[in-house]
Every structure is written in C-alpha cells, then in structure tokens.
Amino acid sequence: MTSAPVQPVNLAVIIGSNRVGRFAPVVAQWFLRQTAGDDSMTTTVLDLGETSLPERLGSPRGAEADELTAVTRQLDAADAYVVITPEYNHSFPAPLKNLVDLHYTEWQAKPVGFVSYGGLSGGLRAVEHLRQVFAELHAVTIRDVVSFHGAWERFDSDGSPRDAEGANTAARKMLDELRWWATALKEARSRTPYKF
C-alpha cells in the first residue's frame, strides 16, 4: 500500500514594515534564501511596503478593495505564515496590525513563525505582542524565533548575516517546527473544519 504524496506547505512570508529606508528587505532576502529550493514548501511574499491596504476597518472601495481581496486570497491559501518584523517603540509596526485586523478566519488553526530584528532586544518585544494578537485569532505561534539584535551590524554589505551558520541554523529549526505544525493542522482542518 502506497501513501499519498505529501503536499508542500504553502508558506506566506509577511514583511511587516513599510518605513522609508527600512532594513526589512535585507532580512527578508536572507530569509527567502533559506526557503529557496526546499521542496517541502512553496513560498509567497506579502510585503507591506508594497501593498496599499485600507487604513480604516470597514468596507473598502475601488483599488483598495481590489488589493485587499488579493491579499485575503493569499492569506487564506496559506498553510503557515512567517512574519518578519522590526520593533518600533517596544512593539510591532502599525501596518502589520492593520493587516492582521483586516482578517480573521484566514489565520485560524494555522501556525505563525517569526523573524525579528531591532536594537538591543532584537525585536523580541514585538514578537511577544504579536503572540498575544495571534492567540486571539486562534493561530498557533512557533516557540523558536529567529532574532537579530543590533541588526544593522549583523549583516554584511552583501546582505548575509555575519554569523551565517548561527542564523541559518536558527531559521532551519524554526521552519522545521513550522512545517510540522502546518502539516498537522492542515490534516486536522481537513478532517474537522475549525469553527470556534
């Protein structure tokens, strides 16, 4: 008896900063290199620096509505998420909160991993706030976080971490956990739809 082929995990990578001159693309490009060539997952990117979402909750119109529909479809199709976030004033960026609040069922019973960066705390305070938000949305957050404190000094001019082995190992560990949760929760949702 042969088992059915394992379907790749559909991973949505969310770049949570839209600040002018942001460091997010450096961190994101490094992280996306970690997922490249991994046959166990397919990766899409949602960059909030290149996305115009409604600034008010409610019923958007026109181009905003079209963009929101496209983003909602992308989030809904995902089996798992990785949020790349800086820390602003001991928390995460407003555009990221906006994205989260514009959606609800899309997050439910799916895992969320984090890559954070910042000053002394490495963005970990932003991650702890996000854990509370995603718990309210019935998502499962991954314990292991990839974090860069003093991020601007942690990457070389080519956009690679100076401690590549440590960073790459942390990313693989987080992705392995994320893949396990994504597979388990996808199977659970297929057997019993999540309606809580």
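D79 is buried, at a relative accessible area of 6%. Buried means under 20% relative accessible area, exposed means over 50%, and partly exposed is in between, with a 1.4 Å probe and protein chains only.

Some ground rules. This is a predicted model, where local features need pLDDT of at least 70, side-chain atom pairs count only at pLDDT 80 or more, and totals for chains, interfaces and linings use all residues. Residues are numbered from 1 along each chain as its sequence is written, and side-chain values use heavy atoms, with hydrogens and water left out.

How many salt bridges does a search of the whole structure find? Eleven. The criterion is a side-chain nitrogen of Lys or Arg within 4 Å of a carboxyl oxygen of Asp or Glu.

Back to D79. Its partner is R189, with the closest N and O atoms 4.0 Å apart. R189 sits in helix α6 (residues 164-191), D79 in the loop between α2 and β3, so that this pair links distant parts of the chain, 110 residues apart. Helices (H or I, at least four residues) and strands (E, at least two) are DSSP runs, numbered from the N terminus.

Next, K173 and D144. Their closest N and O atoms are 3.8 Å apart. K173 is in helix α6 and D144 in the loop between β5 and β6, so the pair ties together parts 29 residues apart in sequence. K173 is partly exposed at 48%, whereas D144 is buried at 16%.

D47 belongs to strand β2 and R22 to the loop between β1 and α1, so parts 25 residues apart are tied together. D47 is buried at 12%. R22 is buried too, at 19%.

There is also a network: D38, R172, D176 and R179 are linked by salt bridges.

Now helix α4. R131 lies in it, at residues 124-136. Is R131 buried or exposed? Buried, at 17%. Beyond its neighbours within four places in sequence, R131 is in contact (heavy atoms within 4.5 Å) with F114, T141, I142, R143 and V145. Other buried residues of α4 include A126, L130 and F134. Among the elements covering the buried residues are β3 and β4. Just after α4, H138 takes a positive phi of about 65°.
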